[in-house]
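Here is a short report on aromatic pairs, nonpolar cores and the strands around them. Keep the structure in view while reading.

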Amino acid sequence: MFLENCSEFVYGCADLVPVLFRDCVHDYIFIVPAIELKFRPESVVCHTIFVKQHLVRERHPEKPCDRTLFIFNIPPYCTEESLKHAWRDCGPVASVFFHSTPNAGIPKVNESQFFPIHAEVKGFKVAYVVFETEEGLEKALKWNQTLFLSSSEEPILCGVKKWMEEYNSKIPNVEMMQSEIDKFMADYDKKVAAQIANDKEAGEEDADGWITVTKRGRHAGFARTESSNKRKLAQEDKKRSKKQLLNIYSFQVREAKMKKLMNLRQKFEEDKKKIQVLKQVRKFRPF
């Protein structure tokens, strides 16, 4: 269960009664209304959601506090259109935002239809319902009836139909995908050409006789990135380790030679034992 500006759950029940929460930061208890939510009007099983006005310090223009309703414990099958349909009696809904956890901002939108960067919110989530008027929020806070997500006018697909739609939506339109790729590459080529032109212009001598060094030109340098700096430092450390002087004194040279000789003798004895074991294993025994 997700809470906004709350950190400890005190008491609650699944009936249409308020739920108490404790705010451990400000040390006070406030009441959050609980509302029944059904998939269809004829459904027997109901789900419980908790609502309150959206009040935070960091405000966003897309979520005005005087028109935004914060809802948590939203079921996974709930959609933006179904929430707009459920709250239609309170007033017209301007927008609906889903988040995995409470968030003062708005969810990030994928610019590409075929190459999404931001994942879709799945599972239980929280929702922000923004009404067009302040009266809509006031009615929603006083609402004490059961809400219905799906109806004949605004049905929610489920079961095999939902799986079929999800599968068909994953099949991309090749022409549209190719058009999007071509547009992206054209924009990228323009960006690279502009960068090369800027570097070329910066490489020319200015009025004071100074020349800006860039990674392009007659003597191109390397990019000053963190990875390149680490690689350069590692190479310098390796060169420095090779330049270290070892066995400066004569007794150190003598000890090093004796140690090397002892290691060779030990290895020679170990190899002799291995050869003896191999000979015994390979010995022919007819009886």
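Phe70 and Tyr128 are both buried (under 20% relative accessible area; exposed is over 50%, partly exposed in between; 1.4 Å probe, protein chains only). This is a predicted model: local features need pLDDT of at least 70, side-chain atom pairs count only at pLDDT 80 or more, and totals for chains, interfaces and linings use all residues. Residues are numbered from 1 along each chain as its sequence is written, and side-chain values use heavy atoms, with hydrogens and water left out.

**Aromatic pairs**

The whole structure holds five aromatic pairs. Rings of Phe, Tyr and Trp (its six-membered ring) pair if their centres lie within 6.5 Å; planes under 30 degrees apart are stacked, over 60 edge-to-face, and the rest tilted. Two of the pairs are tabulated here.

| Pair | Centre to centre | Angle between planes | Type |
|---|---|---|---|
| Phe39 and Tyr77 | 5.4 Å | 75° | edge-to-face |
| Phe70 and Tyr128 | 5.0 Å | 45° | tilted |

Phe70 lies in strand 6 and Tyr128 in strand 8 (residues 125–131), so their pair ties together parts 58 residues apart in sequence. Strands (E, at least two residues) and helices (H or I, at least four) are DSSP runs, numbered from the N terminus. Ring pairs also join Phe50, Phe70, Phe72 and Tyr128 into a cluster.

Tyr128 has a charge over its face: Lys63, at 3.6 Å from the ring centre. Lys125 sits over Phe98 in like manner, at 4.5 Å. The criterion is NZ of Lys or CZ of Arg within 6 Å of the ring centre and within 35 degrees of the ring normal.

**Nonpolar cores**

A nonpolar core is a set of buried Ala, Val, Leu, Ile, Met, Phe, Trp, Tyr and Cys residues joined through side-chain atoms within 4.5 Å. The largest has 25 residues; Ile49, Leu69, Ile71, Leu83, Trp87, Val129 and Phe131 have the most contacts inside it. Strand 4, strand 5, strand 6, helix 1, strand 7 (93–99), strand 8 and helix 2 (134–141) each supply at least two of its residues. A second, separate core has nine residues, including Val32, Phe97, Val126 and Tyr128.

**The sheet**

Which order do the six strands of the open sheet take? The order is 7-8-6-5-4-9, with mixed pairing. Strands pair if DSSP finds at least two bridges between them. Strand 7 and strand 9 (147–148) are at the edges, each with a single partner strand, so one side of each has no neighbour in the sheet. Strand 4 and strand 9 run parallel, joined by two bridges. Lys38 stands opposite Phe148 in strand 9.
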